[in-house]
Amino acid sequence: MPSQSLALPAPIRTGVEGLDVVLDGGLTPHRLYLIEGVPGSGKTTMALQFLRAGVEAGERVLYVTLSESERELREVAHAHGWTLDGIHVHELFPTGDQLDPESQYTMFHPSEVELAETTRRVLDEVERLKPDRVVFDSLAELRLLAGSMLRFRRQVLALKQYFGGKGTTVLMIDQSQVADQGLHVHTIVHGAIQLDHLLPDFGGDRRRLRVSKMRGRAFRSGFHDYKIETGGVRVYPRLIAAHFRRSGANAPVASDLPALDDLLGGGLDRGTSTLLIGAAGAGKSSLASHFVRAACARGEHSAMFLFDESMRALTTRSKGIGFDIEARMADGSVDVQPIDPAELSPGEFIQRIRHAVEVDEARVVVIDSLNGFLNAMAEEHHVLIQLHELLSYLAALDVTTILIASQAGLIGHMHTTLDVSYLADTVVLLRYFESRGEVKQAISVLKKRTGPHERTIRELRISSDGLHIGEPLRNFRGVLTGVPQEDDGHREVSMRVGMAPGVS
């Protein structure tokens with residue numbers, strides 16, 4: 001047989017936003033597929049989206065239901081702002097006389113009669129309508145009608161062969177996989193999608209899906225978060241940074257503050273991540289806002305994601321340093337998104353960042369703060385690996401990323417509840433210190449992978465006209481302890497310089 005005849009036909013859309021990305025374009029037509037999950041995981045909603053996509057493509061579609069009435073399906077559609085126009089619904093419920101005790105079967109087991117009758121009614125409707133897409137809801141009812149797993153498997157196999165000969169794409173709905181039940185179907189179908197419903201200790205429910213099987217077509221493996229919202233199911237494909245490639249050197253980006261650029265060895269570099277770490281109130285968010293203001297001056301778009309700070313606090317603090325961020329939000333230069341950590345999944349958060357970068361073309365991304373982000377994902381496994389993938393992705397797109405992390409304590413011994421410094425390319429430390437009865441702030445750069453940087457400690461002052469970086473604190477030692485002492489060696493040199501000639 002020529003190799004050209006073995007090529008897969010073009011995929012068809014599922015109608016579920018994001019799912020076609022996971023499936024590398026969609027589903028292979030004229031095949032049998034399975035969607036399984038617990039009640040409330042969105043199986044019916046996804047099935048309706050699949051059929052609606054067929055209607056939009058000019059196809060004939062059929063919804064065969066053994067568990068929900070047409071009225072219930074219309075209520076589901078109405079909740080999402082849809083109609084069932086163009087979708088043929090075929091109900092397979094017991095007729096009225098089957099509920100009469102005198103009409104119950106005596107010589108034959110009900111499964112022997114009802115399974116054959118149900119199958120006949122389905123095939124009659126298929127022959128009449130000749131649909132391009134069919135949804136069968138659900139296999140759980142068919143399994144009960146079959147009575148035994150052998151008859152059930154043979155029935156599903158027979159349906160697969162029948163629909164394959166008709167050139168129909170079939171989507172079957174089933175309950176979550178059970179070792180002695182679900183696997184019988186998995187070996188028959190062309191592809192299977194599993195829906196999980198997670199119940200965290202606090203916050204809203206979280207859902208994720210996984211493509212467990214897809215014959216002959218590449219797909220994005222692993223778990224992908226999804227959400228059921230008005231308008232249907234939306235899938236957030238797992239981010240794979242390796243799909244994005246980057247070449248070229250890191251170009252420096254000035255901060256419009258010469259002393260700060262000197263401290264950073266010329267400024268931040270594009271395609272790198274910078275961690276601003278320090279005590280609460282030490283100036284981390286103000287420093288991040290300054291970098292955003294510098295981006296606005298260059299005509300670049302910035303995106304800020306706030307886990308801890310409210311919008312009102314951000315605007316008030318920004319105005320306090322001479323940055324009218326509300327005006328920049330109004331003209332589209334800055335996009336600020338407050339995040340509710342109890343209602344957000346990692347996949348949705350990453351998708352928001354991707355939209356800001358790929359659609360809105362943000363060149364600077366600020367995450368304030370990592371403490372809020374990691375606490376929100378406390379029940380998610382491997383969250384630091386997800387953060388690493390995110391930073392690698394942003395680096396590949398030449399985005400300057402600014403991460404904020406708070407340390408526990410104010411002055412003296414400081415410790416960090418989470419260590420993400422190894423993920424960042426640049427680490428900037430902000431500390432409080434005492435000097436002559438005043439509490440002051442200090443800034444220093446501890447690490448920069450992409451080039452040399454100044455290793456001094458400088459004073460940081462925040463005023464109504466912005467940030468001010470002072471000269472290096474060379475006449476003090478122990479600034480990072482919070483209670484510095486005047487450097488005796490420096491004082492002695494100073495005294496000698498001030499002595500009269502000839503005096504030893």
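Predicted model: local features only at pLDDT ≥ 70, side-chain atom pairs only at ≥ 80, totals over all residues.

Reply: H90 counts as buried because its relative accessible area is 16%, and buried means under 20% (exposed is over 50%, partly exposed lies in between; 1.4 Å probe, protein chains only). H90 lies in strand 3, residues 87–91; strands (E, at least two residues) and helices (H or I, at least four) are DSSP runs numbered from the N terminus. Leaving out residues up to four places away in sequence, H90 touches L62, Y63, V64, T65, R121 and E125, where a contact means heavy atoms within 4.5 Å.

Before going on, the ground rules. Residues are numbered from 1 along each chain as its sequence is written, and side-chain values use heavy atoms, with hydrogens and water left out.

Next, two well-covered elements. Helix 5 (residues 139–146) has 6 of its 8 residues buried, so the rest of the structure largely encloses it. Those buried residues are L139, A140, L142, R143, L145 and A146. Just after helix 5, G147 takes a positive phi of about 85°.

Strand 13 (residues 301–306) has 6 of its 6 residues buried. In a regular strand the side chains alternate between the two faces of the sheet. In strand 13 both faces are covered, with H301, A303 and F305 buried on one side and S302, M304 and L306 on the other. It runs parallel to strand 15 (residues 362–368), joined by 6 bridges, and S302 has V364 as its bridge partner there. Strand 14 (residues 334–338) is also parallel to strand 13, through 5 bridges, with V336 partnering M304. For pairing, DSSP has to find at least two bridges between two strands.

Now the voids. A cavity here is a set of points on a 1 Å grid over the protein atoms alone where a 1.4 Å probe fits but cannot get out, and lining residues have an atom within 4 Å of a point. Points are joined across faces, edges and corners, and the volume is the space filled by probe spheres set on them. That gives 2 cavities of 30 Å³ or more.

T14, V16, L19, L27, Y33, L34, I35, M46, F50, L171 and I193 line it. Strand 1 (32–37) and helix 2 (43–56) each supply at least two lining residues, and strand 1 gives the largest share, 3 residues. The lining of the largest cavity has 10 nonpolar, 1 polar and no charged residues; Ala, Val, Leu, Ile, Met, Phe, Trp, Tyr, Cys and Pro count as nonpolar, Asp, Glu, Lys and Arg as charged, and the others, Gly among them, as polar.

The second largest cavity holds about 60 Å³ of space. Its lining is V253, A254, L268, F291, R298, V364, T400 and I402, which splits into 6 nonpolar, 1 polar and 1 charged. V364 in that lining is the bridge partner of S302 in strand 15.

Key: 1 Å grid on protein atoms, 1.4 Å probe; cavity = no way out; pocket = protein on both sides within 12 Å on 5 of 7 lines; lining within 4 Å.
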